[in-house]
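Hi,

Here is the structure I promised to pass on. Have a look at it first, and then read my notes below.

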Amino acid sequence: MLRRNLTTKVYKDPTPTDDDSDEPSCCPVSEEEPEEWLPEVKEKTKGRGRRKKDEAAEKKPAAKRAAKPKEPKPKTVRKPRAPRATKVKEAVDKKKEDEKNEGIVQQVESLQQVRVKEERQSFSMDQAFSNSTATTGVLLGEEPSSSKPTSMVKKEETEDDFTFDEPAQKKQKTITAPQGRPIKLKSRNSLDDELQMTWDLVKVLAEKSGVQQWVCNNIINLLRDENTIPFIVRYRKELINHMDADAVRDVQLVLEELCSVAKKSQSITQTLKKEGVLTSELEQALRNCKSADDLDHVYAPYKKGSKLTKARRAKQLGLEAPALALLHSPQTLDLHSWIKPNTEGLSTLEEVSTGVEQILADMIAKDGETLTYVRSLCNRSNVTIQSAVSKTALKEQQQTDQKSKPKDISKFSLYSEFSCNVQRIQHHQTLAINRGENLKILSVKVNIPDWVKTDFCRWCVNVRWRPQGFARPELMKILNAAVEDSYKRLIMPLLCRGYRTKLTTSAEKESVAMFVHNLRQRLLMCPVRGRVIMGVDPGYRHGCKLAILSPTSQILHTDVVYLHGSGRNREADKLCHLMLKHSCQTVVIGNGTACRETEAFFADLIKSGFFRPLDVSYCISSEAGASIYSVSPEAVKEMPDLDPNLRSAVSIGRRVQDPLAELVKIDPKHIGIGTYQHDVSQSLLKAALDGVVQECVSFVGVDINICSETLMRHVAGLNAGRARSIVEWREKNGPFLNREQLKLVKGLGPKSFQQCAGFVRINPESIRSYGSGGSADSTAAEKPAAKKSKAKTSSSISNQPNPLDQTCIHPESYGIAMRFLSQIGGSLDQLGSAELRQQVESSVGSSGLEALAHYLNTSPETLQLIVDGLTQPPGFDIRQDFEQADFKQGIVSMGDLHKGMVLTGRVENTALFGAFVDIGVGRSGLIPKRYITLEKLPVDKRHRSLALGPGERVEVRVMDVDLQRNRISLDLIRVLQ
């Protein structure tokens, strides 16, 4: 029997394997409440950690594992020496418990001659600040459970220990952001047990994402609990260290990728097991994989339909034994004894030697230490990616056959003789090269220096794969040939594929990030409220389509005018009549065909005072996606009796009145943002764009009584079915009087309510304008109650309006908000008033936010959200801090520009190579990426490689005007705040 080791051990968070069960356990952990994760210390720091749950369970009997510390052990399961060691351990535990302040820690083992840095303990969200001490900043642990022995607390180093060599973008979001505190969630069954991989999910996720491990652990648990990203970012800030939505989404993508690799590994393992080719070494290699490329490399020889590899054919001939003998006992190996004249592959000594060589080459190529070494050599070398015009494209260009259109090689002239280090290549260059390769215009290859091969082969023969004994020259010749063959045929292609995949993945992520950035800027543009607007969809032959919209986006009039024909004066009179009739002073012109001519027409009329006494102005709006939307089912349902061409004009006008409400009706890929949208992963792009739409809609908030079904389905926690059910309930029972009534909607369970409630608004004005009488109010909770289960009865739902339903405060915090109001002497009637704002600021300023949060038994993050909700004026919109559309009354032509002219403009679109700016001349100018430097950007915009987005106002200098090619080059001077 193994003797228990009572000395301290260094906690290294070992990966659980089958062999680990043979090691002695340090302390038992109950299976009833799984051990929760805490930030681990570095390996060099000495300390004592807890053993894995499965080790304790396997080492000790079930009766001992579930026993309480102070209860005597059953005699039936007592083993020699074990009870005595247990008693000693219990005595030490009891003594130490008595010496500590009650409730501070669960149990701390004495550590002899160990230096440990400052200790912090994770704490549960419910008790986050209930027992905190302001002066010391010590974080408290959870109360010990009565169903399990008190467990040990891991030591943690300072924040500097949680930095990783990752891009500064992720570090900035989790370290230089307002500092959070390590808080642990009560985790359920470990995801590691489900994935069944040899690596630790939290550790690998932290390494790949550059986020602290405790944050990654919390994000995993939050996502597994079906929380949406907007809910996490707004209402669980303390658990994610104040990360923004983009950072959380990046971690989610990495997590999904790792889970996908694990599931694929399990599927491959089952497939190979059914085929009878699964070995313990192969299973271990599959469980070690951390990427799809690693899996493909291991699984490629075993795929159905693929030819047997050279190594597998040699193994079928029985040559694996001499191959292993060459490495372990070369002095006893006699290849002549393996010759079988009548067997193909074994008939001669040369064939036997070739088979042994191929088996060795396969072993070398699949060895983890070998691949790590060769990758380290490549990291120190000048690996380049090279592109040139393909032979196929040149051949097609030389052919005189005019039936098939020749490929346009000139578009890729920049990459016809291109070479760049893989560490320095730009993202847009990678995507351009990939596009040229897919079109078979370019041929691409990765060049690895020759010295890498030389050094690698020498290391393999002399170090890693050196025979364990004397090997004759003919055997060393086989080994040398195997190493060279392995590098040339297996390892080098793997490295090249790895570089291409890494470059493509990085470029796709940056391109998607650019899409997300642009889309958020476009969706959050400040709405133009309180104006009658004329939307104009310009055109030549079919005329300009008009739509006059009320301040609430209702269609007042639609028409078609022909501004570019012979009857211009008659059409101008018609325009003037319509604008005077509806008191319309704002014109929105789409930027499509005939935009420039239409803009000039309106500018001339405005300049001549044609619309007096109206002070008319106009703006140019993007019409990208308007034509697609005009024939969509949503548009048909919303405007069934309207011509599709006139629907486009309505959409163009509404994009200025409320950009968010209108643009969510259109597929984000059709809004005209970003570049290379067809060259990136479509699933990745769709998930990211859908996520940012949900984020924008949720953070802005929706008035549940007036918003459209299309807008409602993008709220966090809702979908198309739930949004339809809400609309049906609203039509049947009248307006919602409070958020609690959402629980009466069919299909809206507790989790959905938790996720969406904070983003839904109940405005009293909307209830009054809805036009429902008292009968609708009284039956609002009664009608659906009959169809609901017993838990959803009308008696449990109040019919009384709650002023807090107008704010961003979540219903789960209403109790805290009321206690806070009571403490400062305020009331709900004062919401958003200057008086209440003054009371809140006075209380927070005198006592401090953390002290108040401690008194109210909540977190500072939650209390800050409550403060914001109470002090923001009614109808507060986060978009009011964003830019509006630019309205103008005059026009400047491209011919008026000259080099050195300084202008102001608005960013229309951004790409990986620069930003396009509208300077009011009908053609956007380009600011190349090299002119967008950190010195010219505000501090808050330096976290992106290209920190400009649609809608931002900039001051630029004209660098060049090319009238022939219709191009304008600009230099960024500064970003206007």
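Tyr235 counts as buried, because its relative accessibility is 5% (buried means under 20% relative accessible area, exposed over 50% and partly exposed in between, with a 1.4 Å probe and protein chains only). Before I go on: this is a predicted model, where local features need pLDDT of at least 70 and side-chain atom pairs count only at pLDDT 80 or more, while totals for chains, interfaces and linings use all residues. Residues are numbered from 1 along each chain as its sequence is written, and side-chain values use heavy atoms, with hydrogens and water left out.

Back to the rings. The count comes to 10 aromatic pairs (rings of Phe, Tyr and Trp, the last by its six-membered ring, pair if their centres lie within 6.5 Å; planes under 30 degrees apart are stacked, over 60 edge-to-face, and the rest tilted). In one of these, Tyr235 and Phe759 have ring centres 5.7 Å apart and planes at 50°, so the pair is tilted. Tyr235 belongs to helix H8 (residues 229–235) and Phe759 to the loop between helix H29 (750–756) and strand E10 (760–761), so the pair ties together parts 524 residues apart in sequence. Helices (H or I, at least four residues) and strands (E, at least two) are DSSP runs, numbered from the N terminus. Phe759 is buried too, at a relative accessible area of 0%. Ring pairs also bring Phe231 and Phe699 into a cluster with Tyr235 and Phe759.

Phe913 and Phe916 make an edge-to-face pair, 6.2 Å centre to centre with 90° between the planes. Here Phe913 is partly exposed at 27%, and Phe916 is partly exposed at 25%.

Next, Val693, which sits in helix H26 (residues 682–700). Is Val693 buried or exposed? Val693 is buried, with a relative accessible area of 5%. Leaving aside residues up to four places away in sequence, Val693 touches Leu519, Leu523, Val664, Pro668 and His714 (contact means heavy atoms within 4.5 Å). Leu523 is 170 residues from Val693 in sequence, yet their C-alpha atoms are 7.8 Å apart in space.

Last, two charges over rings (NZ of Lys or CZ of Arg within 6 Å of the ring centre and within 35 degrees of the ring normal). Lys743 lies over the face of Phe753, 4.9 Å from the ring centre.

Cheers
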